[in-house]
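Hi,

Here's the structure we talked about. Have a look, and then I'll tell you what turned up.

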Amino acid sequence: MSKVLMKGNEAIAEAAVRAGCLNYFAYPITPQTEVAEYLAKRLPEVGGVFLQGESEVAVSYMIFGASACGERVLTTSSSPGVSLMSEGISYITAAECPAVFVNIMRGGPGLGGILPSQADYFQSTKGGGHGDYRLLCMAPASVQEAVEMVMQAFGLAEKYRNPVMILGDGLIGQMMEPVEFPEKFKAKPSNKDDWATNGMDTRKSNKRNLVKTLYLNPEELNAHNLKLKAKYDRMEREETRFESYNMEGDYTALIVSYGTMSRVCRTAIDILKADGLEVGMLRPQSLFPFPVKAIYEAAAKQSCEVVFSIEMSMGQMMEDVERSVCGLRPVHWYGKCGGEVPTPEEVMDVVRSIVK
Amino acid sequence: MGKTFQRPEALADTTTHYCPGCTHGVAHRLVAEVIDELGIRGRTVGIAPVGCAVLMYNYFTFDFQEAAHGRAPAMATGIKRVRPDLVVFTYQGDGDLASIGLSEIVHAANRGEKFTTIFINNAVYGMTGGQMAPTTMPEQRTTTSPFGRKTDYTGMPIKVAELLAALTTPGYITRQTLISPKYINRSKKAIKKAFQYQLENRCFSLVELISTCPTNWGMTPIDALKWAEDKMLPYFKLGDYKLPEEN
């Protein structure tokens, strides 16, 4: 299939349709509103459902209801909106329903700003809502990767019966790049007879299905949480994804960076290399599960003296980088979180200020 | 000769956790009878609220979802939009629907979502132990209005049926009560009508049921029925507030 030039938000929207998701509920918020605008036109063409909810809180429960009756469903939002959805996300996760969320991050806290940011790292990977839950969290670094992650997200959400969060910064949503929609990523239908509340007439057994999150008996609740934990452990084994850059030979420093920020680091690494300084980069594609082992091994390389966590947030990812490196090497943070993306020159200066 | 009175198929053969004299049991039975009579058990999805009825799915024999506090109308919207062939109802109390979930019910009604809401108004938060609700009567004592509800401080009770009837979108909005057999028969007719409008894909439907909470009102079940009649019915007037034919 030939490539087309598309804006990130529109490509994300089209990717969902191509993946077989025909149901979308959302509330407008900058910088992701183009997803809703695109799907408001596109979904009626394919017999799908587009509905603008009255708030992100309500939208998260529209997603819950639709997902709990077994239908493939998507919502998209940006940081403050995802805060409001976090209540629903906790319930959907507890009820073990599949759904796909996309967060095109803007600066925070509070209203923050509308420019790109990666400040929802904690919200996406450590909770945001209440209780012991995890989201499978994927972070694209290009529009093409956003398309592929969105398309794969539906299958993964159904595999684990757990929401998947696609975490892109505002630049991923707003920039235009050539994309294609690989047919191979289209999610296959999965059997939901065991759990979906889609009416008893639709299944062969006479059993009624119940989607709930209340466990008043402490032993039952603990068992439920252990069952959820087993899923998150399985995600760590099977879904950890990362990409290495300039790590084949020896490198003096290792950068850990994701999303748009990692593309800037790539340029900085190329320039530093021409100047004779070798810097490797490990780019997490999955933020939960975080590539703990890969980062440890990369930091443990004999030539590696120092590790950098370079992010458009105030050291949120650095906590995960530090726990990966286990004190083996010093870990330094650099980042900006006002809406400006750090330049390659800034990254180079940071590296040079530490690596002499 | 066959049995003339038996447990509806939609109702589970079990005991409930409800207090003696509570009208939830009556409301449950009416919903179950209507579902049986309409023959829709196999394609019905109920949505349980947060409140005393959170465990109601234990008393019914068809698919159920359990909502977060106040969010049942948003969940029902999600289901009906993606599966319009299913029959969906929410069952919500006054704290759930008229306080934390007021936005969800107003917008669902205004969009004309094709589901049915059974709204139990007993003027008090039941499960958390008798706190003041948006529908608590003036001077009514609750654990959070220990000297009686002062309306200059907390406002007047919200009239949900009137509030929703003010919307221009067509709907079926009615207020009934469960305080005596005569009214219970009328309530059942209203519930059946509400489900029928849904089956015809006509409109959003809401049946408000003035109910009692003897435990949290600190009354015997008989006194509670009398109190509801004397104090609540003059303020929460019974009747149809909106019919889809009128729009």
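Domain bounds here come from an automatic or database domain assignment. For chain A that gives domain 1 (4–238) and domain 2 (242–354), with their centres, taken over C-alpha atoms, 28 Å apart.

Before going on: this is a predicted model, in which local features need pLDDT of at least 70 and side-chain atom pairs count only at pLDDT 80 or more, while totals for chains, interfaces and linings use all residues. Residues are numbered from 1 along each chain as its sequence is written, and chains are lettered from A and ligands numbered from 1 in the order in which they are written.

Back to the domains. Domain 1 of chain A puts 26 residues in contact with 22 residues of domain 2 of chain A (contact: C-beta atoms, placed from the backbone, within 7 Å). On the domain 1 side, α5(A) gives the most, with 4 residues (helices, H or I, at least four residues, and strands, E, at least two, are DSSP runs numbered from the N terminus). That side splits into 16 nonpolar, 7 polar and 3 charged residues; Ala, Val, Leu, Ile, Met, Phe, Trp, Tyr, Cys and Pro count as nonpolar, Asp, Glu, Lys and Arg as charged, and the others, Gly among them, as polar.

Now the two chains. Their contact takes 31 residues from chain A and 28 residues from chain B. α3(A) supplies the largest share of the chain A side, 8 residues, and that side has 17 nonpolar, 8 polar and 6 charged residues.

Cheers

Methods
Contact = placed C-beta atoms within 7 Å.
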